[in-house]
Amino acid sequence: MNIRKITTITEEITSEGGRTVDPPARVAVVAAVIENPWKGQGYVEDLTDGIEAVASDLGAELAPRVMKALGADLEAYGKAAIVGLNGEIEHGSALIHTLQFGNHFRDAARASTLLPAVEKRAPSGAVFDIPLKHFTDASIRSHHQTIEVRVADAPHPDEILIALAGAAQGRPQQRLAPLKTEQ
């Protein structure tokens with residue numbers, strides 16, 4: 001695995017809808033920009049070798065960094081794969097949609113749900129939204145949220161930007177009724 005850079009973004013929301021958020025709502029994102037393990041190979045039928053070479057090590061690198069940057073107990077999480085223009089969306093999906101990658105974050109957060117994800121092919125500096133959901137029950141509406149991310153110089157055409165995001169709470173000032181009220 002060849003990592004060019006790791007970017008950490010933290011956000012604290014102290015006011016929402018004209019009201020104080022106390023304690024402040026915290027969200028953290030850690031993104032690694034890596035060389036696409038399939039670069040220059042054309043269409044690859046079986047992506048297993050690249051997955052085995054990268055996914056677990058990448059998850060092990062990013063998960064503890066998100067937990068540390070969050071600085072609080074995690075309640076919601078998500079992931080992203082943004083593939084440079086010379087790659088396929090499937091390259092990013094192959095790395096993040098494997099237990100070899102995701103279990104590092106689930107274990108660090110003591111989570112049990114699948115991580116919601118965004119994948120796309122984009123040029124350097126593309127904006128993307130990472131969806132977040134509750135870490136043990138994806139039907140809890142208060143924790144359905146997104147965080148907008150942009151890494152100015154990534155991904156280059158032969159790179160993949162892989163990110164994990166975590167939130168210490170649901171949306172600030174959330175007040176939707178629980179899903180069970182509609183069932």
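Predicted model: local features only at pLDDT ≥ 70, side-chain atom pairs only at ≥ 80, totals over all residues.

Student: What is the form of the peptide bond from Asp 22 to Pro 23?

Tutor: That bond is cis, with omega near 5°. Another cis peptide bond joins Ala 154 and Pro 155, where omega is about -5°. Pro 155 belongs to the loop between E6 and E7.

Student: Which other residue of strand E2 may we examine, and what does the side chain of Arg 26 reach?

Tutor: Strand E2 covers residues 19–35, and Arg 26 is found in this strand. The side chain of Arg 26 reaches the backbone oxygen of Leu 70 at 2.6 Å. If residues up to four places away in sequence are not counted, Arg 26 touches several others, including Thr 10, Glu 11, Ala 69, Gly 71 and Gln 169.

Student: How should I read the exposure of a residue? For instance, is Val 149 buried or exposed?

Tutor: A residue counts as buried when its relative accessible area is under 20% and as exposed when that area is over 50%, with partly exposed in between. Val 149 has a relative accessible area of 2%, so this residue is buried. Its place is in strand E6, residues 145–149.

Student: Which residues are in contact with Val 149, leaving aside its neighbours within four places in sequence?

Tutor: With those neighbours left aside, Val 149 is in contact with Ile 9, Val 29, Ala 126, Val 127, Phe 128 and Ile 130.

Student: Is Asp 57 buried, partly exposed or exposed?

Tutor: Asp 57 has a relative accessible area of 47%, and therefore counts as partly exposed. This residue sits in helix H1, which comprises residues 48–70. The C-alpha atom of Asp 57 is separated by 22 Å from that of Pro 157, a residue 100 places away along the chain.

Student: How many residues of helix H2 are buried?

Tutor: Helix H2 consists of residues 89–96, and six of its eight residues are buried, so that the helix is mostly covered. The buried ones are His 91, Gly 92, Ser 93, Ala 94, Leu 95 and Ile 96. The elements that cover them include E2, H1, strand E3 (76–83), helix H3 (99–109), strand E4 (117–121) and strand E7 (159–167).

Student: Why might one look for groups of nonpolar residues?

Tutor: In soluble globular proteins, nonpolar side chains tend to be buried together. Here the largest nonpolar core has 33 residues, of which Leu 58, Leu 62, Leu 95, Phe 101, Phe 105 and Ile 162 touch the most other members. At least two residues of this core come from each of E2, H1, E3, H2, H3 and E7. H1 supplies the largest share, nine residues.

Student: What does Leu 95 touch, not counting residues up to four places away in sequence?

Tutor: Among the residues that Leu 95 touches are Ile 34, Trp 38, Val 54, Phe 101, Ile 160 and Ile 162. There is also a second, separate core of 21 residues, which includes Val 33, Ala 76, Leu 132 and Ala 167.

Student: How many aromatic pairs does a search of the whole structure find?

Tutor: A pair of aromatic rings is described by the distance of the centres and the angle of the planes. The search of the whole structure finds one such pair. The ring centres of Tyr 77 and Phe 105 are 5.3 Å apart and the planes stand at 50°, so the pair is tilted. Tyr 77 in strand E3 and Phe 105 in helix H3 are 28 residues apart, and the pair thus links distant parts of the chain. Both Tyr 77 and Phe 105 are buried.

Student: Where is Arg 110 placed, and what is its phi?

Tutor: Arg 110 is in the loop between H3 and E4. Its phi is near 55°, a positive value in a residue other than glycine. Arg 110 counts as exposed because its relative accessibility is 73%. Gln 173, in the segment after E7, has a positive phi near 65° and is likewise a residue other than glycine. At 27% relative accessibility, Gln 173 counts as partly exposed.

Technical notes
Residues numbered from 1 in each chain as written. Heavy atoms only, no water. Helix = DSSP H or I, 4+ residues; strand = E, 2+ residues; numbered from the N terminus. Buried < 20%, exposed > 50% of the residue type's maximum accessible area, 1.4 Å probe, protein only. Polar contact = N/O pair within 3.5 Å; in protein donor to acceptor, adjacent residues only side chain to side chain. Contact = heavy atoms within 4.5 Å. Phe/Tyr/Trp six-rings, centres within 6.5 Å; stacked < 30°, edge-to-face > 60°. Core = buried A, V, L, I, M, F, W, Y, C linked by side-chain atoms within 4.5 Å.
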